[in-house]
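Colleague: I am new to this structure and would like to learn how to read its features. Could you please guide me through them in order?

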Amino acid sequence: MFFTVIEQVVNGIVSGSVYAIVAVGMTMIFGVLRAINFAHGEYYMLGTFGAWFAIEYFDLPYPVAVVIGVVTTALIAVIVGNFVMQRIVGAPAEAGVLATLGAALILQNTIILVFGGSYKFFSGGYIEPVTLFGFTLAEQRILIIIVGMIVFVGLELMVTYSRMGKAMRAVSQNIECCAVVGIDVRHIALWTFILGAGLAALSGVLTAPVNVSVYGGMGELITFKTLPIIIMGGLGNVRGTFVAAMILGIAESLVATYIGLQFRDTVGFATLMLVLMWRPHGLFSAQARF
Amino acid sequence: MNGLPILDISGLCKSYGAVRAVDGVDLHVDRGEICGLIGPNGSGKSTFFDCVTGLARPSAGAVKLDGQDITGWSLNDIAREGRMLRSFQKTVVFSALDIEENLVIAGQMFTFPGILSTFGIGAAARNRVAALRDRARELIKIAGLWDVRFQPAGKLSGGQQKLIQFASMLMPEPKLILLDEPMAGINPKLIERVVESIRLANTSFGVSFLIIEHNIDVVTSLCQRVVVLDQGRKLAEGMPGEIVQNQAVREAYLGG
Amino acid sequence: MTIELSRRGFCIGTALIGLQTVSSSAFAARSEDGTVRLGLVAPMSGPNARYGSFSMRGAQMAAKEINSVGGVGGRKINILPGDSQGTPVEGVSATRRLIDQDHVDFIIGDVSSSVTLAMQPVAEDAGVLLLNAASSNPKITYKAGVGGFKWTYRNYPTDENRALIVLQYAAEKKGFTKYAVLSVDTDYGRAAIEFTKKYLPRFKSQILTEDYYKEGEVDFRSVLSKIRDSGAQAIIMYGNADSTPIVGRQMMEVGIAGKIPLIGNAEFNTASTIKAAPKALEGAIEAAAWLPAYESEKSKAFVEKFTAEYREAPNNHAYVHWETVHLLARAIEEAQSIDREKVRSALSNIHYTSAVGEVTFDDHNQARLPMILLEIENGKPAIKGAYSAEIDYPK
Amino acid sequence: MTEIVREVTVTPAERTVAAGRDLRGPFGVALIALACIAPLFLGNYPLHAIIIALIFLLPAHGLNLLLGYTGLLSLAQAAFFGIGAYTSALLAVHFGTPFYVNFLAAGVVTGIIALPLGIPALRLRATSFVMCTLGFVIIGQAIAKNWISLTRGDMGLAGVPKPHFALGPASFTVSGTVGFYYLVLVIAALATLVVYLIVRSPAGRNMIAIRENETLAESVGIPTWHYKLVVFMISAAFAGFGGSLYAHYLTVVSPLTFQMYYSTTMLIIVLGGGAGTISGVIFGSLLFVGLTEALRVAPELRMIAYGFFLLGLVFWFPNGFAPLIGRFSSFLEKRK
């Protein structure tokens, strides 16, 4: 009984790491652009497709495919960032919703148009199970947890020490002042967006070996998983987002075990609504951004 | 009318964490009085206003309006009573609406008995709105805005907007009005008009005022009594003439 | 103002006349153009496009085959697509458009049962033959034929037969009595389990855990660990093909691969699925209307051709749509006309030889389809028999 | 930087000095007349498209009250649309109640359910509120899927009867497309009238005040929270009425009714036509359905084109497409 609970918590941490890598990008985008990015899952999908394409058509090894997936997505993000995301800085919320929904439709259905709508099998990665402390996990999952940690530490260091990171933090705190002090908000917005999209892609490529199926519409589910996390984590708050992602991962895992898998996708929003009733600004303050 | 002050504030405190923005201020406004509140930037005037009018919750102290304890009431709780209204420094009008609509909105909640009755479309509701409109037109004339009354308020100058806001506050016939820097950012030519309007409201409608203002000429000509805040505390209180001469006040302004 | 009005009046008048001409010319287009106008409603955009794309390809391939040998009765088959997005309202719009704008005589569709249910009355009102090839909700044919909708036919098995056959095989041949349920959270997965429950007492069996996963779910570890600890002997899974490899891999992770087999239907038998998680799928039992490895000339030729044409292996949806277009062509041939009424009666009396066996329709316009039972042995599907059963319609 | 600022200027029509104003009355009359005789020259398919547009008009009107007039962005319309559809379908299937009972019940029940949902949700600000309303949709779908004894879960409720009216001995069933068209047209017209009356009432003025500046509205005595709650309920009721029509028209209700698809559709209709205007929303719903149907000519490109349309809407027409009509009519006016 006790072991089961621990095992489910571990399972939760594994899925939490995946959510965390995706959500952290989305929350940074929110911090800077003040827009809920309904297209975020699509970059996850693009990353996966990029890697799948590299493996399937050019027979490249998985690590190279990871790089190709992330880089391709970042390049697409440059285009979307220039033509869409930069323009919604300072726009009303509903404009952001519509614009990102539009971007999501275009990305998703272009992939369907090019590669066909059917699902594909992803054949790279390290899927052999290994046993650690009595838990059996695919090697890939251990990789995911490690990468999740690296991303978290890396982001913390970046926003504290690098010029770009500091600028991101500044923009997220007060956009008007930045314009006055000479920080190029558009520039920062673009780079944050590319970073966020790249992280989503990374998460997609990393999970592809364990999730196997690759198809054009796979991003939507991820978007919906991520939305409650970033709200709970305090919009724009990187640390909070990590914690919220873990909480959600574990909660989902426990619900799937003790209540039923069919309620799993409701957990995110149900938890979010309970949290908001208790603390209307999320678990973590949105003030302490980054 | 009794001699009780219309507004009586005692020991008002407001702290944000370790910072005491307002630190035990006592202040009263007598009936029919125009009272000024001055102080250097950051002296806690606006926070003080917010605590009195319910926009912020005071940490300690008591606010009595017309003898009734209103400490801790929300902005809307206080406003709905229609006795004490306040203005804002920055946002002053519903900018997409024209002047008349602005004024009608300002009067509506004091004419209709409840929320559901405002959804009414019958003759009763129409008559109420018509009465409001009449009063609005009167006030627009008084404020000298008749020519621009159909323009969206947001398109008008800062001074005109302040006049609109001032006229709005007169819609429900309040007993006390709190003005937050009514002269800030307005055309010098209009200042005299605003001053006149305040005076008129004071004498003809019997409205008392508490005014935050930086323009010392306006304060001396308009106010019967002035209170000075510095670093969250009351520094001085007295006739405008005395205050201008007060050494401590001068130091606070120059040294602060 | 008067001038203004009259000018506007003129404009509106012109517009009206214009519209009238458009609609009458559209009707003119309806005149025989020598083709069989066949509408295909399927999700073609959005997340559900992964089901619709196979349907479209299967149907198009069939049309190509028929047309390359001169069509049916000298008429080429012209497939007109309608995108349902897997949403009832879009499906109905697509159907309306196909009927009124494209003047189709026959419609094949949709994959999702709720969409099909919403399309039924539309097809019925218009008197257009609706031939469903992929929805499994039993209600569709409960309400068809003698049940009401004369124009709805279904060339796809309902879940009831399937559930019974699987359970019978698992109990009698394998001796299983304790099951865990892991099915897709759609009408398909839910209904199949409902029917399974109906037959459980007959085999003195019980369900220990019951879970439904959302389409597109990728994380089964929690539920699989629960199943591992529950003492179940087999996992009953009715789902879509894309989830099976994921479940298989995660079964390997939690250590139940090879110990607790999957039974039910979720394309356990396709080569790529088995390749994704060979150990987990060993011993899986499946009841399928068709499988790519099925030993018949027709079926093999289909798989080969499809793979060559589209660079991917066909799945069940591709097959059923391919077969259904052929079935319809056969009915048209027998009717010797594209008159809907005649084709409909031809369909009711048809004896069509599909790649799997003979297809006939019962009085509820439900196809009596042979169901193949297979087990994965040594990484290859081994066919254990073909079953066919009559459906018990609720009175 | 391209600034996207949505400007909504609402002044009572009587005092609008817009140039296009003179055209409005006759144009409206012509439109109504055209709507009444539409079945004479439109086939079933275009009529069907208009029926869908008119059904969507109801939740869109509701959202417009909320977003366009009160300034609250909500994605909950799909949840209320679903609740309305289920209420109607359950009554019809289980109790065989006549259409008008189902229809009224759908609106009323939905409006009442919105009360306990709105109380906690409306305490939230901005993004949290948006997400909370999206949560209603997700949780609504989960309930529809799993409360099987009531909703029959994923099997859905099929065979919702076509609207049937019984008045004394006379009774008739609206079955054909044309009949349904007129039914929906009448209901949509009534709904539009109701919205018009709400907007023109003193409450409508207060709603605009809340949208313009909530703190200022509070300071002039408007109990903003109560208004938001009432408008949230009215908006939900409109969605519920729409859901009822949907159920009776499509005859099938399934958990798919609770889809974000419907929420975004309503949002696109409102913003596409022009938030804060009634004619804009009517225009928006026709435009939306017209566009999605027109794009059917190229099924593979349909959603891509639609995505580009959304981007174009946001970046070039932040006030929606309806102002274009105003501009066009003022252009005509000038040429006179």
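Predicted model: local features only at pLDDT ≥ 70, side-chain atom pairs only at ≥ 80, totals over all residues.

Colleague: How many helices and strands does chain D have, and what share of its residues is buried?

Modeller: Chain D has 14 helices and four strands. Of its 336 residues, 59% are buried.

Colleague: Let us turn to the pairs of chains. Which of the pairs in contact share the most contacts?

Modeller: Four pairs of chains are in contact, and the pair formed by chains A and D shares the most contacts. Here 39 residues of chain D meet 37 residues of chain A. On the chain D side, the elements giving two or more residues are α5 (126-146), α11 (260-273) and α13 (302-316) of chain D. The largest share, 13 residues, is supplied by α5(D).

Colleague: What classes of residue make up the side of chain D that touches chain A?

Modeller: That side of chain D consists of 27 nonpolar, seven polar and five charged residues.

Colleague: How far apart are the nearest C-alpha atoms of chain A and chain B, and of chain B and chain C?

Modeller: Chains A and B do not touch, and their nearest C-alpha atoms are 15 Å apart. Chains B and C do not touch either, with 26 Å between their nearest C-alpha atoms.

Colleague: Now a pair of helices. At what angle do α5 (residues 139-161) and α8 (residues 185-211) of chain A pack?

Modeller: Two values describe such a pair, namely the angle and the separation of the axes. Helices α5 and α8 of chain A pack at about 165°, and their axes are 9 Å apart. Because angles over 145 degrees count as roughly antiparallel, α5(A) is roughly antiparallel to α8(A). The crossing in which α5(A) passes α8(A) is left-handed.

Colleague: Which residues meet where α5(A) and α8(A) are in contact?

Modeller: From α5(A) come Q140(A), R141(A), L143(A), I144(A), V147(A) and V151(A), and they meet L199(A), L206(A), T207(A), P209(A) and V210(A) of α8(A). The residues of this contact divide into eight nonpolar, two polar and one charged.

Colleague: What does the UniProt annotation say about residues 35-379 of chain C?

Modeller: An unreviewed UniProt entry annotates residues 35-379 of chain C as "domain: Leucine-binding protein". Over that range the chain is 45% helix and 20% strand, and its end C-alpha atoms lie 45 Å apart.

Colleague: Finally, consider a single residue. Is I274(C) buried or exposed?

Modeller: One counts the neighbouring C-beta atoms. I274(C) is buried because 23 other C-beta atoms lie within 10 Å, where the cut-off for buried is 20 or more. This residue is found in helix α10 (residues 271-276) of chain C. Leaving aside residues up to four places away in sequence, I274(C) touches L281(C), I376(C) and G379(C). The C-alpha atoms of I274(C) and P381(C) are separated by 9.4 Å, although the two residues are 107 residues apart along the chain.

Conventions
Residues numbered from 1 in each chain as written. Chains lettered and ligands numbered in written order. Contact = placed C-beta atoms within 7 Å. Nonpolar A, V, L, I, M, F, W, Y, C, P; charged D, E, K, R; others polar. Axes fitted to C-alpha atoms, helices over the stretch in contact; angles between N-to-C directions. Parallel < 35°, antiparallel > 145°, perpendicular 65-115°, else oblique. Left-handed = near helix turned anticlockwise from the far one by under 90°. UniProt positions renumbered as here; feature names shortened; annotations may be inferred. Buried ≥ 20, exposed ≤ 12 C-beta atoms within 10 Å, placed from the backbone.
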